[in-house]
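Student: I have a structure open and would like to talk through its fold with you. Shall we go over it together?

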Amino acid sequence: MPALHSLPSNKALLLSAIQTLARSRSARSTKSLPPPIESLRRGDWVKLICGASFEDVADVRNLSLVYTLAGVDCIDCAADASVVNAVNEGINVAQSISTINRPWVMISVNDDRQDLHFRKAEFDPEECPPDCPRPCQAICPAEAISLKLVQEINGTGTSTSCSKLEGGVITERCYGCGRCFSVCPFDRIRPMTYVRDPIITRNLLERDDVDVLEIHTSGRGTDLFSELWASLGDSIGHTKLVAVSLPYVGETTLGLMNQLFSIMQSRPPLYNLWQLDGRPMSGDIGRGATKQAISYAIHLASTHNRPHGFYQLAGGTNSHTVECLKKEGLFCTRAGTGRDALIGGIAYGGYARKIVGKVLRKVLMQSSHVRIEDHPEHLLEALVEALALVDPVKSFQRSKLKTPKSKSIDGLPQNPSLVQGDTDRQRKTPRERMGMEAGGGGEEGGAEMMVEPSSKDLQQQSKALDKLTDRVVDDRQLDSSRVQEAMASLASSKEADWNAMRLREKELAAVKINQVDVDIIANELELDKKVAERTLREHKGDAVAAIRYFLR
Ligand code: SF4
Ligand code: SF4
C-alpha cells in the first residue's frame, strides 16, 4: 500500500495509479457463475453497506464509485429511487475509469418497525436550551446534526438579547445509529421508525440496475415477513439473490431462519444469503465491535441444521474482522464436506463509510464540487483507504490461487483442504491430517486454479504443522465450550457494551473544553475537528495532554 505522502501529484499519473490499482483487484471469473456468487462460494465476498436509511445521494454516489474501484461484490443501499440512481452513477463512473467488474446493487427493506436500521433521529431545536454544549452534534458519526446559535428577532424585526438554536437533524444523512439519543442531557431526541413501502420495493426490483433484495427482520416472529414476501409477488423473480438480515435472538435463531427459508420457498430465490447482524451500526466504534458478529458466526458454524444459502457477517464489522475470523478458523473455510465457504464474506458499513468519508469531507471543504473523480488526488487517497479494508478479504484468495505453498499469518499452509470445518478431520493431529490429504482423500471442488502440492511440498507443510503446539490444534476446534462461551457473550455483551458506551459518552459530554483549544489542535495537527474535540474531552480538557497524545 503506498504511503500517502509519496503519492504522485501529476493528474495523469494519479489517474494511471487509480486505474492500475483498480484493474489489479478486478476478479477474473473462472467459472460460468456470476463473479459475486463465485466470491461467496470462495468466502471472499465483500459488500459495501451505504446504509438502509442513509440517503445523502452525493456521498452514496462517491462511496459507490470508490468501493467499486476497490473491487467490492455488492453495494447495499436504501430502497429509494434517487439513492439507487446515485449508486449506479458511482458504479458507471468507476467503470469508465477502469475495466472492472460491476458490483451487484442491493436494496434493503424491512418487515417491521423493530429493526434499528430503519429509523431517523428527530428533535425540535427550539426545545433545546440555547447554552446546551450540543453533545448530539459532536457524537454523530454521519455529521447529520447541524445546529447554530442565532439571536431571536422581535416583532419589529430587530435582534433581541435572547438566543436560540436553529437547524436540527439532516434527515437524509441520519442512518439511525442512535448514539445521539443517549447523550442528550435533556432527552429531546426521539427515534422516528418507518417501514419501506412494498410497492416502491417491487418497482425498484423490476429495474435492470437493481440486482439483489435484502429483507431485515427483527427475529420477533415470521408473520410480517410472510406478509411482505407475499406482497412482493413476482418481483422476486427479477432478483439474482435474496438476502435476509437478522440479529442473534438466542436459541430460537436457527429455527427462525429455517421458518423464513420455508416461507421463501413459495417463490424460491436463485440464491439465498443470510446476513448475521452482530452489533448493528457499530463498526466505526472500535475493535471490540466486531465480537458479536464473530460469536454469531461461531454459533452458526457449530450447528448442523443451518438453512440452505450463503452466510455473511455484518454489524460491527471493521478492519479487525478478518483477523478474528482467521483466529477462529472460519475465514475462507469450507462447510463440512460441501464445496462452498462456511462464511461467504463480510459486509462493511459504518467503518467503510468512515474511512472514505473523511476523504470526502476534505473534497467538500475544498470546493462545492462533490464529484470525487474531479479530484484525482483525493480519489486515489480514498481508494487506498478502501483497499485497506477490501484487500485483506480478497487477497487471501488471490495469494492462495497463485502461491499454494505460502503460509498464512498463523503459520498454517494456505491449502483449503487443511482448514475445513469437518470436526472429525480436526480431531486428527496435523501429521495425520497431512496424511489424509496426501492420500488424495481431499474434498471435491475448491478454487479452479488450485494446484495440488507435490509430495515435497507436503513434507515441508507437514514439518511446519508439526511445529505448532497441541494448543493451536485445540484452538481451531469448534468445541462445545467455545460455542457456549460465544452464545453467552452474545446474550450479555450487547447490553453491557451499550450501557458502558452511553455512560462514557455522557461523561465526555460533561467535560468542559475550550473551543479555541479544539481549533488550535485541529489546525496545527491537521486533524478533523471532531477528533480533536473528542481527544480533548478524553484528556479532561487539557490541551497539552491531548497534543502529547497525538505526538507520542
Ligand atoms: S441517530 Fe446517529 S446518524 Fe442519526 S443523527 Fe443521531 S447520531 Fe447521527
Ligand atoms: S444534546 Fe439535546 S438538548 Fe442539546 S442540542 Fe442536542 S438535542 Fe438539543
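Predicted model: local features only at pLDDT ≥ 70, side-chain atom pairs only at ≥ 80, totals over all residues.

Student: In which order do the 8 strands close into a barrel?
Tutor: Pairing in the barrel is parallel. The twist from one strand to the next averages 25°. The order is E1-E2-E3-E8-E9-E10-E11-E12.

Student: Which residue is the bridge partner of Ile75 in E3?
Tutor: Begin with strand E2 (residues 74-78), which runs parallel to strand E3 (residues 104-110). The two are joined by 5 bridges. In E3, the partner of Ile75 is Val105.

Student: Which helix packs on the sheet, touching E3 and strand E8 (212-216)?
Tutor: Its direction makes about 170° with that of E3. The helix covers residues 198-205, and it is H7.

Student: Which residue in E12 is the bridge partner of Lys47?
Tutor: Strand E1 (residues 45-49) pairs with E12 in the parallel sense, over 4 bridges. Within E12, Lys47 has as its bridge partner Ala347.

Student: What stands opposite Gly345 in E12?
Tutor: E12 also pairs with strand E11 (residues 310-314), in the parallel sense and over 2 bridges. With helix H11 (residues 321-327), E11 and E12 make a right-handed β-α-β unit. Opposite Gly345 stands Gln312.

Student: Are the residues of strand E12 (residues 345-348) buried or exposed?
Tutor: In a regular strand, side chains alternate between the two faces of the sheet. Here Gly345 and Ala347 point one way, while Ile346 and Tyr348 point the other way.

Student: Which residue takes a positive phi in the hairpin of E5 and E6?
Tutor: Strands E5 (residues 145-153) and E6 (residues 159-169) pair in the antiparallel sense over 8 bridges. The hairpin has 5 residues between the strands, and the one with a phi near 85° is Gly157.

Student: On to the helices. How are H3 and H12 oriented to each other?
Tutor: The axes of H3 (residues 57-69) and H12 (residues 350-366) come within 10 Å and cross at roughly 110°. The contact includes Asp59, Leu63 and Tyr67 of H3, with Ala352, Ile355 and Leu360 among the residues from H12. H3 passes H12 in a right-handed crossing. Angles from 65 to 115 degrees count as roughly perpendicular, so these helices are roughly perpendicular.

Student: And how does H8 lie relative to H9?
Tutor: Helix H8 (residues 223-232) and helix H9 (residues 253-264) have axes that come within 10 Å and cross at roughly 20°. Since angles under 35 degrees count as roughly parallel, H8 is therefore roughly parallel to H9. Phe225, Ser226 and Trp229 in H8 meet Leu260, Ile263 and Met264 in H9. The handedness of the crossing is right-handed, and the relation you asked for is roughly parallel.

Student: Is Leu383 buried or exposed?
Tutor: Leu383 is placed in helix H13 (residues 376-402). Leaving aside residues up to four places away in sequence, Leu383 touches Ile18, Leu21, Val66, Leu69 and Ala70. Because its relative accessibility is 0% and the cut-off is under 20%, Leu383 counts as buried.

Student: How many residues apart in sequence are Leu383 and Leu69?
Tutor: In space, their C-alpha atoms are 7.2 Å apart. Along the sequence, the separation in residues is 314.

Notes: Residues numbered from 1 in each chain as written. Chains lettered and ligands numbered in written order. Heavy atoms only, no water. Buried < 20%, exposed > 50% of the residue type's maximum accessible area, 1.4 Å probe, protein only. Pairing = 2+ DSSP bridges. Right-handed = clockwise from strand over helix to strand, strands pointing away. Axes fitted to C-alpha atoms, helices over the stretch in contact; angles between N-to-C directions. Parallel < 35°, antiparallel > 145°, perpendicular 65-115°, else oblique. Left-handed = near helix turned anticlockwise from the far one by under 90°. Contact = heavy atoms within 4.5 Å.
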